[in-house]
Amino acid sequence: MGTDKSFARRAVFLDRDGVINRNVFNPATGEYEAPLTPAGFLFVPGALEALRSIHNAGFLLFLVSNQPNYAKGKSTLEDLSAIHEKLVEGLAVNGIAFASFYYCFHHPNGTGNRYSGACACRKPSPYFLLKAREEFSLDLSRSWMIGDRLTDIECGSRAGAKAIFIACESACSLTGPEPDAVAPDLLAAAGMILAAN
Ligand SMILES: [Mg+2]
Ligand SMILES: [Zn+2]
């Protein structure tokens, strides 16, 4: 399935934190991190506009997000679910449909709950991109991965997709597979995708 490229569809895979919504400064660690509660979930300015333009250009949209904070004992599953609902509401209000939301809740060094331990789906694994290719007959070579971590770039690259690195608030450095492009934010990344389209 999904082998006839003439019918294969294109997708944009999106990391969430630091791309769609802002990372939140955690004074305890001194780092910018995923929000732990719905109140901490705020869309990046221009992100919804960017998603709408990519969607309108005919790309399927997928979220591919590592959310290990329950596995690490830093957040409840209820809060992670409520954060997801806030995302879904914001998308719906703006007429943006995602084909699927893929979350990895695991962490290899968790606190012992059911999401603690090794898994196949945590980025930089390309697991969810390959799963989406099968389920939605995608041409990954004409698809994109956008993220603000090295693991996002490696994930996209391992799946054979093009990758755009968002230069992030946490000043993370890129010392791995080369992205196809670097953008200051999602709106700029969307412009690059549409220009290459
Ligand atoms: Mg991120
Ligand atoms: Zn996982």
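A residue is counted as buried here if 20 or more other C-beta atoms lie within 10 Å of its own. By that criterion, buried residues make up 37% of the 197 residues in the protein chain of this predicted model.

The overall dimensions come next. The C-alpha atoms of the protein chain fill a box of roughly 50 × 35 × 35 Å along the principal axes. For 197 residues, a compact globule would have a radius of gyration near 16 Å, and the value for the protein chain, 16 Å, agrees with this.

The protein chain contains 5 helices and 8 strands. Read from the N terminus, the order of these elements is β-β-β-α-β-α-β-α-β-α-β-β-α.

Of its 7 residues, 6 are buried, so strand 4 is largely enclosed by the rest of the structure. Strand 4 runs parallel to strand 1, to which 4 bridges join it; in one pairing, alanine 11 has leucine 60 of strand 4 as its bridge partner. Strand 4 also runs parallel to strand 5 (residues 100–104), here through 5 bridges, and leucine 63 stands opposite phenylalanine 101 in strand 5. Between strand 4 and strand 5 the chain passes through helix 2 (residues 77–93), and this β-α-β crossover is right-handed.

Helix 1 can be considered next. Its buried residues include Ala47, Ala50, Leu51, Ile54 and His55. These residues cover an arc of only 130° around the axis, and they therefore lie on the same side of helix 1. An α-helix has 3.6 residues a turn, so residues three or four places apart point the same way. The cover over the buried residues of helix 1 includes strand 1, strand 4 and helix 5. Just after helix 1, glycine 58 adopts a positive phi of about 100°.

In soluble globular proteins, nonpolar side chains tend to be buried together. In this model the largest nonpolar core has 36 residues, and those with the most contacts inside it are Val12, Phe13, Leu14, Leu129, Ile146, Leu186 and Ala189. Two or more residues each are given to this core by strand 1 (11–14), helix 1 (47–56), strand 4 (60–66), helix 3 (127–136), strand 6 (144–147), helix 4 (150–158), strand 7 (162–166) and helix 5 (186–196). A second, separate core of 7 residues includes Phe41, Ile83, Cys104 and Phe105.

Isoleucine 146 belongs to strand 6. Because 30 other C-beta atoms lie within 10 Å, isoleucine 146 is buried. Apart from its neighbours within four places in sequence, isoleucine 146 is in contact with Val12, Leu14, Asp15, Val19, Ile164, Ile166, Leu186 and Ala189. By contrast, tyrosine 127 is 19 residues from isoleucine 146 along the chain, and their C-alpha atoms are separated by 16 Å.

With its neighbours within four places in sequence left aside, alanine 189 is in contact with Ala50, Ile146, Ile164, Ile166 and Ala183. Ala50, in turn, is one of the buried residues of helix 1.

Terms used:
Residues are numbered from 1 along each chain as its sequence is written. Chains are lettered from A and ligands numbered from 1 in the order in which they are written. This is a predicted model: local features need pLDDT of at least 70, side-chain atom pairs count only at pLDDT 80 or more; totals for chains, interfaces and linings use all residues. A nonpolar core is a set of buried Ala, Val, Leu, Ile, Met, Phe, Trp, Tyr and Cys residues joined through C-beta atoms within 7 Å. A residue is buried if 20 or more other C-beta atoms lie within 10 Å of its own, exposed if 12 or fewer, and partly exposed in between; C-beta atoms are placed from the backbone. Two residues are in contact if their C-beta atoms, placed from the backbone, lie within 7 Å. The radius of gyration is taken over C-alpha atoms; the globule rule is 2.2 Å times the number of residues to the power 0.38. Two strands pair if DSSP finds at least two bridges between them. A crossover is right-handed if, with the strands pointing away from the viewer, the path from the first strand over the helix to the second runs clockwise. The arc is that of the directions from the helix axis to the C-beta atoms.
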